[in-house]
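Reader: Hi! I have a structure open and would like to talk it through with you. Could you help me find my way around?

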Amino acid sequence: MRVAIIGQGYVGLTIAVGAAGAGHSVVGFDINDGLVTALNAGTSHIEGISDSVLASLISSGAYKATTNASVIDGCDVIVIAVPTPLDEARNPDLSFVHAAADLIANNVKSPALVINESTSYPGTLLTEIASRITGVAHLYVSSPERIDPGNTQWGTKNTPRLIGGLTSQAVAKAKEFYATFCDTIIEVSSPEVAEAAKIFENTFRQVNIALVNEFAQIADALGISGREVLDAAATKPYGFMEFNPGPGVGGHCIPVDPTYLAYVANEVGVPATFIKRANEVNLAMPAYVVKRVIAGAGGSVKSKSVVVVGISYKANVADTRETPAASIIDLLREAGATVTWHDPLVGSWRGESSAELGECDVAVVVTKHDVVSVADVKKSSYVFDCTGSIPGADGI
Ligand SMILES: NC(=O)c1ccc[n+]([C@@H]2O[C@H](COP(=O)([O-])OP(=O)(O)OC[C@H]3O[C@@H](n4cnc5c(N)ncnc54)[C@H](O)[C@@H]3O)[C@@H](O)[C@H]2O)c1
């Protein structure tokens, strides 16, 4: 099939490579010129896709990136994989989805299968995409992406894929497409069910992470190890699932998607109380971390050298979106500390560069990448670990 993927970020590039590797002819459309140039030069910007895989798909002609929207016309399949962030009022920002739909409306004259993989609330495919594209009889499917960047066990191929279409013909065509590079396809009765399943999955994580974050604080106040308690509870073979406490949540999904569910819940008059409370707990974690760091460092960090280790939101990825490291660094600076940060995966961020790991008064481990040496972290006099990966360190 001829396939166009709108958006070449974490999701779009991953699907592009999956589809190209399965023998489809794939064009990756993105509005970011620099990204398109880098991709066509065989340089991948995401962890799960190597430059060599990308380069071989380019040289075989299976994949190319473009900023030229006209090449989307004539494709059999068009996948939308654009950002769905929150706006300044922390409400859903569907402007990127609307732009993608308008791009299809303005450029695609021959009928295609239009798939939305971007995460959004139930009703998005119908009301925010299909209804904006008139005049051409496209088929429409929602197939929310479940990719977990950096996860080496579960990827596009072996993670079951949900499909909900506006018509049975659309579902049949989507099954034919995804069956070429996904092992398991699960059809649900409507796009709204697929869309809701995706945001409920991430809400489940958000709420459970908040629960363990709150529990970690209770355990510390009780003078017991929260992590040991959680490990002990996890020995129960049924009815319990282990989540780990941390400095807060980051990335494009957990801090954002549940708010999409809360938004539609509010529209239909049902209060999403768990989501609201979980957001409060998770957003308060950086302040809790800094309070504990100050206490552990002898009651003050004023004029002390503090290195924050790992500023991306999770291990072994360079993604800094919504990272709790930002608040932790800001709060430490407000408390008078001289703060540097070390993250070899990120390199530069907010106009600052990654510092070498040396002998500081305090090290705060927010994210522990495999490439960061525990011995280097321990060069600091006091280590506060938010990850449970530095033996002997204080932390959560
Ligand atoms: N990152 C994840 O782990 C993940 C996992 C599952 C689902 N999702 C969802 O997938 C969607 C995409 O997320 P992502 O992480 O890939 O985002 P991203 O920011 O990594 O990539 C999005 C890309 O879309 C491009 N873009 C923006 N507007 C465009 C337009 N009008 N036309 C073409 N390209 C455009 C951007 O330049 C960018 O390269 C979101 O809805 C997200 O919630 C993300």
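Reader: Thanks! To start with the ligand, how far is an oxygen atom of the ligand from a polar backbone atom of V11?

Author: That distance is 2.8 Å. A polar contact here is a pair of N or O atoms within 3.5 Å; within protein, one must be able to donate a hydrogen and the other to accept it, and residues adjacent in sequence count only if both atoms are side-chain atoms. Please keep in mind that this is a predicted model, where local features need pLDDT of at least 70 and side-chain atom pairs count only at pLDDT 80 or more, while totals for chains, interfaces and linings use all residues. Residues are numbered from 1 along each chain as its sequence is written, and side-chain values use heavy atoms, with hydrogens and water left out.

Reader: Which N or O atom in the side chain of R321 or H252 matters, and how far is it from a ligand oxygen?

Author: For R321, an N or O atom of the side chain lies 3.1 Å from an oxygen atom of the ligand. For H252 the corresponding distance is 3.2 Å. The protein buries 91% of the 820 Å² that the ligand exposes when taken alone (Shrake-Rupley method, 1.4 Å probe; for residues, only the protein chains shown count as cover).

Reader: Nice. Which helices each supply at least two residues of the shell?

Author: Those are α1 (10-21) and α4 (95-107). Helices are DSSP runs of H or I with at least four residues, numbered from the N terminus.

Reader: Changing topic: which residues of α9 are buried?

Author: In α9 (residues 257-267) they are D257, P258, T259, Y260, V264 and A265. Buried means under 20% relative accessible area, exposed over 50%, and partly exposed in between (1.4 Å probe, protein chains only). Their cover includes α7 (191-222) and α10 (273-296), where contact means heavy atoms within 4.5 Å. Just after α9, G269 has a positive phi of about 80 degrees.
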